[in-house]
Amino acid sequence: MARRKDREGRTFLDAAQLEAGERFRRDIEQAQLLQRVTANWEASINAARQGADAGAVSEVAIDARRRLARAVDATGPELAGLLTDVCGYLKGLEIVESERGWPPRSAKVVLKIALDRLARHYGLAIEARGRDRAEALLHWGAEDYRPRV
């Protein structure tokens, strides 16, 4: 989807949306929430080496689960479900639309909205938007600094 272009030649997803989706995917993988198709022999080997419990969840997974919980709170449960399907389980948009009973080509729009919220949560943006973000970026000079025109 990142390489798809619209009629004007712009990419469908901007850099902030793409990075937000990739970060969400990374957190899902680190949280060990995806189902495995095969057995995981690494966990038992590592646990035997370290003398730890094979079923224990690592601190990396716990931290990733906390980050995911904050992302779900920021996007809302409906959009988080879509993000989990598309970014986590790598489902196609047509499959998501049919599973949810959505009209054709509607998942693209909802996905963009979800990725925008996720990018805002992660603090990713192409440009500073709004007065809240711009006030700290007005100039590098002192309080009474005035540029010459």
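The legends below describe several close-up views of one predicted model.

In this predicted model, local features need pLDDT of at least 70 and side-chain atom pairs count only at pLDDT 80 or more, while totals for chains, interfaces and linings use all residues. Residues are numbered from 1 along each chain as its sequence is written, and side-chain values use heavy atoms, with hydrogens and water left out.

**View 1. The largest nonpolar core has 24 residues.**
A nonpolar core is a set of buried Ala, Val, Leu, Ile, Met, Phe, Trp, Tyr and Cys residues joined through side-chain atoms within 4.5 Å; buried means under 20% relative accessible area, exposed means over 50%, and partly exposed lies in between (1.4 Å probe, protein chains only). The residues with the most contacts inside this core are Phe 24, Leu 83, Val 86, Leu 111, Leu 115, Leu 118 and Tyr 122. Two or more core residues come from each of helix 1 (15-30), helix 3 (59-75), helix 4 (77-88), helix 5 (93-100) and helix 6 (107-122), and helix 6 gives the most, with 7 residues. Helices (H or I, at least four residues) and strands (E, at least two) are DSSP runs, numbered from the N terminus.

**View 2. The surroundings of Tyr 122 include a charged residue over its ring.**
Leaving aside neighbours within four places in sequence, Tyr 122 is in contact (heavy atoms within 4.5 Å) with Ala 20, Arg 23, Phe 24, Asp 27 and Ala 71. One of these contacts, Arg 23, lies over the face of the Tyr 122 ring, at 4.8 Å from the ring centre. A charge sits over a ring if NZ of Lys or CZ of Arg is within 6 Å of the ring centre and within 35 degrees of the ring normal. The charged end of Lys 112 likewise sits over a ring, that of Phe 12, at 4.9 Å from its centre. How many aromatic pairs are there? Rings of Phe, Tyr and Trp (its six-membered ring) pair if their centres lie within 6.5 Å, where planes under 30 degrees apart count as stacked, over 60 as edge-to-face and the rest as tilted; by this rule the count comes to 0.

**View 3. Arg 67 and Asp 27 form a salt bridge between two helices.**
A salt bridge is a side-chain nitrogen of Lys or Arg within 4 Å of a carboxyl oxygen of Asp or Glu, and the structure holds 8 of them. In this pair the closest N and O atoms are 2.9 Å apart, and the bridge links distant parts of the chain, with Arg 67 in helix 3 and Asp 27 in helix 1, 40 residues apart. Asp 27 is buried because its relative accessible area is 4%, whereas Arg 67, at 27% relative accessibility, counts as partly exposed. Another of the salt bridges joins the side chains of Glu 8 and Arg 10 (3.0 Å, N to O), and both Glu 8 and Arg 10 are exposed.

**View 4. Asp 85 belongs to a network of salt bridges.**
Asp 85 is placed in helix 4 and counts as buried because its relative accessibility is 13%. Not counting residues up to four places away in sequence, Asp 85 touches Leu 90, Lys 91, Val 96, Glu 99 and Arg 100. Asp 85 forms a salt bridge with Lys 91, the closest N and O atoms lying 3.7 Å apart, and Lys 91 is partly exposed at 27% relative accessibility. The network links Asp 85, Lys 91, Glu 99 and Arg 100.

**View 5. Helix 5 has a buried side and an exposed face.**
The buried residues of helix 5 are Leu 93, Val 96 and Glu 97. Seen down the helix axis, these residues fall within an arc of 100°, so they line one face of helix 5; the arc is that of the directions from the helix axis to the C-beta atoms. They pack against helix 4 and helix 6, while the face turned away from the buried side carries the exposed residues Glu 94 and Ser 98. Helix 5 is followed by Gly 101, whose phi is positive, near 75°.

**View 6. Gln 32 and Arg 105 have positive phi although neither is a glycine.**
Gln 32, with a phi of about 60°, is found in the loop between helix 1 and helix 2 (41-50), and its relative accessible area of 48% makes it partly exposed. Arg 105, with a phi of about 65°, is found in the loop between helix 5 and helix 6, and counts as exposed at 63% relative accessibility.
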